[in-house]
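This briefing goes through a few local features of the structure shown below.

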Amino acid sequence: MKIAVIAGDGIGKDVTAEAVKVLGAVSSAFGRRVDLEHLPWSADHYLKTGETLPANGYQLLREFDAVFVGALGDPRVADNRHARDILLGTRFELDLYVNYRPVTLLDDRLSPLKDRGRKDINFTVFRENTEGVYVSIGGRFKAGTEDEVAIQEEINTYKGVHRIIKHAFEFATANGHTKVCMADKSNAMQQGHALWQRVFKEVSGQFPGITASHQYIDAMAMFLVKDPGQYQVIVTNNLFGDIITDIGGALQGGLGMAASGNIHPGKTSLFEPVHGSAPPLAGKNVANPIGAMLSTALMLETLGARDEATAIEAAVEAAIATDQTTTDIGGALGTREVGDWVANRIKLKADS
Ligand SMILES: NC(=O)c1ccc[n+]([C@@H]2O[C@H](COP(=O)([O-])OP(=O)(O)OC[C@H]3O[C@@H](n4cnc5c(N)ncnc54)[C@H](O)[C@@H]3O)[C@@H](O)[C@H]2O)c1
């Protein structure tokens, strides 16, 4: 496997080092070669060279089987230009239309909700990843004055909405789920979200074995906290998916626990923890590396290395069960020590 690694900024570098350690451990344990190429694209690189990524950057990424990203964002780059080019740019240029975010609580003790545990918090969110309000179409008129007008368009296309909804139903079918819930705001956003309504009805009709339901996104935000056990698969747009998966991160025990994939089925895809670069924690050996490790598991699963993915997930679960974790989830270890423990556990299990 050929993997491009972009550690990025802040704690992205800290957690990527541990994700790479764990990838090395499964590679040795299962005898499957994983070649990593570290790309320096980051705020440091941008500030030093003026380049966010090279002119052939997206083409370069297409030559890998997958891309792993730590996190991007640095207060020294006020307009976040490098993060936009590297992360959002790659999502758009490689047409990574599926944002795949499993929300699985790995230990009852990490649940932030009273009387809710592993059986209640176990669902998958599919967020549309190439359209919506993140396409940056719009403009500002009379900027900086009291007459300023700012327009930010939301783009919804039949093709874009159809392919993400279809993917959610196909995932549900392939994984033995019986329910898919679509969230929108069609009561207030009567143009774009009417399209979501129409396509959801059309696609759900092709999957008679799956119960299709709909919730307005504000109601879903409430139900995710009150009754998360009702969900198996959720599908929604770019903005709403971004927001509810941070709720998902909290349900898993914190943002440091959450993993994600930005996928174009069958093509080079990008995997990253859900969290950002958390500048105040950077370089202090305190960031939780579990979201990054679980993102490597998603990457391996997507590339067909299911045993390796399962080995990482099992070792992470064991680390949590025995408190071999960082302080944000109740342990007393540093980032590097969690990486050492999980890598060693993978080796021990493979040897036994
Ligand atoms: N995908 C990405 O690369 C991505 C995602 C979100 C934010 N960002 C960028 O990251 C920078 C910081 O943004 P933010 O502070 O809003 O979000 P953040 O995710 O970096 O941090 C939010 C909170 O979660 C905590 N946290 C996050 N990850 C953690 C981990 N692994 N272990 C322990 N605690 C963790 C932080 O301490 C902070 O309190 C900004 O520049 C933002 O644009 C990048």
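In this predicted model, Lys13 and Asp44 form a salt bridge, with their closest N and O atoms 3.2 Å apart. Lys13 belongs to helix 1 (residues 11-30) and Asp44 to helix 2 (residues 43-49), so the pair ties together parts that are 31 residues apart in sequence. The count of salt bridges comes to 19.

**Salt bridges**
- Side chains of opposite charge can pair when their charged atoms come close.
- Lys13 is partly exposed at 38% relative accessibility, and Asp44 is partly exposed at 34%.
- Glu148 forms a salt bridge with Arg140, and the closest N and O atoms are 2.6 Å apart.
- Arg140 is exposed, with a relative accessible area of 60%, whereas Glu148 is partly exposed at 30%.
- A salt bridge also joins Glu170 and Lys166, with 3.1 Å between the closest N and O atoms.
- Both Glu170 and Lys166 lie in helix 5, four residues apart, which is about one turn of the helix.
- Glu170 is partly exposed at 36% relative accessible area, and Lys166 is partly exposed at 32%.

**Helix 5**
- Helix 5 (residues 158-174) has 17 residues, which should span 24 Å at 1.5 Å a residue; its end C-alpha atoms are 24 Å apart, so the two agree.
- Its buried residues include Gly160, Val161, Ile164, Phe169 and Ala172.
- The buried residues of helix 5 pack against several elements, among them strand 4, strand 5 (122-128), strand 8 (179-184) and helix 6 (192-204).

**Asn99**
- Asn99 is in strand 4 (residues 98-104) and counts as buried because its relative accessibility is 0%.
- Its side chain makes polar contacts with the side chains of Arg101 (3.0 Å) and Asn129 (3.1 Å).
- Beyond its neighbours within four places in sequence, Asn99 is in contact with residues including Arg91, Val125, Phe126, Ser260 and Asn262.

- Most residues other than glycine have a negative phi.
- Asn80 has a positive phi, near 60°, and lies in the loop between strand 3 (66-71) and helix 4 (81-93).
- Asn285 also has a positive phi near 60°; its place is in the loop between strand 12 (269-273) and helix 9 (290-302).
- Asn80 is partly exposed at 34% relative accessible area, whereas Asn285 is buried at 16%.

Key. Residues numbered from 1 in each chain as written. Predicted model: local features only at pLDDT ≥ 70, side-chain atom pairs only at ≥ 80, totals over all residues. Heavy atoms only, no water. Helix = DSSP H or I, 4+ residues; strand = E, 2+ residues; numbered from the N terminus. Buried < 20%, exposed > 50% of the residue type's maximum accessible area, 1.4 Å probe, protein only. Polar contact = N/O pair within 3.5 Å; in protein donor to acceptor, adjacent residues only side chain to side chain. Contact = heavy atoms within 4.5 Å. Expected span 1.5 Å × (residues − 1). Salt bridge = Lys/Arg side-chain N within 4 Å of Asp/Glu carboxyl O.
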